[in-house]
Amino acid sequence: MYLKLASTSQPVNTSFYPDTGKDFHQISTIKNKRPQELSQLSGIVKKSHENTYTIEERLYDALALCKIKTSSVAMHITNEWRSRFFSQLDNLMDVENWEEDDKPITESSFTTLLRMIIYIKPARRPGIGSTSKGNIIASWTKDTDRLTIECLPDDRVRWVLSCITDGVRETAAGEVTLTRLQKVLSPYDTDRWFANEA
Amino acid sequence: MTQIDGLLMKLRKNSPIPDNNHIIRYISPNKLRKDENDNIIGILGEAFKLRDGEASLSANHLEHFSEPHNEQITHAVKEFRKHFNAKPNAGFAIGQVCDIKQTCLTERNIKIYIVSSPTKKYDLEGNPYKNESHVDVKSIPSDDTGLLDLLANEAWGHLVLNKAIPI
């Protein structure tokens, strides 16, 4: 049964995608492997974070994992969005920019980020940063209005915003699950952050 | 006030830093606020969160160095570089002591302490020396995301990029 499934599944045609990031071809090769191998790779990458690898190795693993996970939801985002997002990830996890004491982006936090992106569908990509514990931070800034969201494991997010509404500066913060995020942000006209500039 | 080797002010350990003085803190690249095209546009509140095991935030006292203000910044950054390999895309956050304290007091009714804390360091070659300009910022609540965001964008939000300071 498995052999039949394996023989009929179609490999991803990489020619559909523009060159997106320095590891693009390697990721495409990995994606074309069978699902079990991909799963095993994810396990290996996860395990490597726990061992005493060099910071370069840990960053490389974390970056590869983030790109693989992003590629797995490629149907939800445009090629350009993904390509530029990969470039942001490259910069964030460049060893030249990374403090050795900081933990590389964790899989659980990055999964929450991807699910948030799919859920709120922002036309504008966020700026990205990270915490010392390996949580990724997404931020949108429009003039002096700012929205910052730390992605926690298990679909939880910690958000803080500051914006001017009807001439008055408002600040707010909280921690919610992804399913509640849009609801709690809705009083603040999130289009100011998420919509592309005309 | 006595000037010794370009140093203008020397405070005893735990002396409060005067309200009209300034402090400067290193901000790693992943804690800088960026736009969607990776342009650096500010500082994330995360930059002022204590790490596990830290009791206070570290910073340097600008007025420890001789004026003018721009020279003080350059001296403070060079002092930092003596013991830490600052990343090219990192930054330094500068704030006035009274503004930082007042923000915590007004917004959260929290009194924070910014005190001199000369610290023994090792330079990049491993030689010991004393960082006389080091200060501790005590009692900023690390779990208050809103307050940290406010500090990062207002009272302690003046950003100088590492690469803007000559080697």
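Two strands pair if DSSP finds at least two bridges between them, and strands here are DSSP runs of E with at least two residues, while helices are H or I runs of at least four, numbered from the N terminus. This is a predicted model, so local features need pLDDT of at least 70 and side-chain atom pairs count only at pLDDT 80 or more, while totals for chains, interfaces and linings use all residues. Residues are numbered from 1 along each chain as its sequence is written, and chains are lettered from A and ligands numbered from 1 in the order in which they are written.

**View 1. A hairpin in chain A, made by S1(A) and S2(A).** Strand S1 (residues 127-130) and strand S2 (residues 136-142) pair in the antiparallel sense over four bridges. Look for A:Ile128, whose bridge partner in S2(A) is A:Ala138. Five residues sit between the strands, and A:Gly134 in the turn has a positive phi of about 90°.

**View 2. A:Ala62 in helix H4 (residues 55-71) of chain A.** A:Ala62 counts as buried because it has 23 C-beta neighbours inside 10 Å. Beyond its neighbours within four places in sequence, A:Ala62 is in contact with A:Met93, A:Pro104 and A:Ile105 (C-beta atoms, placed from the backbone, within 7 Å).

**View 3. Where chain A touches chain B.** Chain A brings 27 residues to the contact and chain B brings 23. On the chain B side, H3(B) gives the most, with five residues.

Conventions. A residue is buried if 20 or more other C-beta atoms lie within 10 Å of its own, exposed if 12 or fewer, and partly exposed in between; C-beta atoms are placed from the backbone. Two residues are in contact if their C-beta atoms, placed from the backbone, lie within 7 Å.
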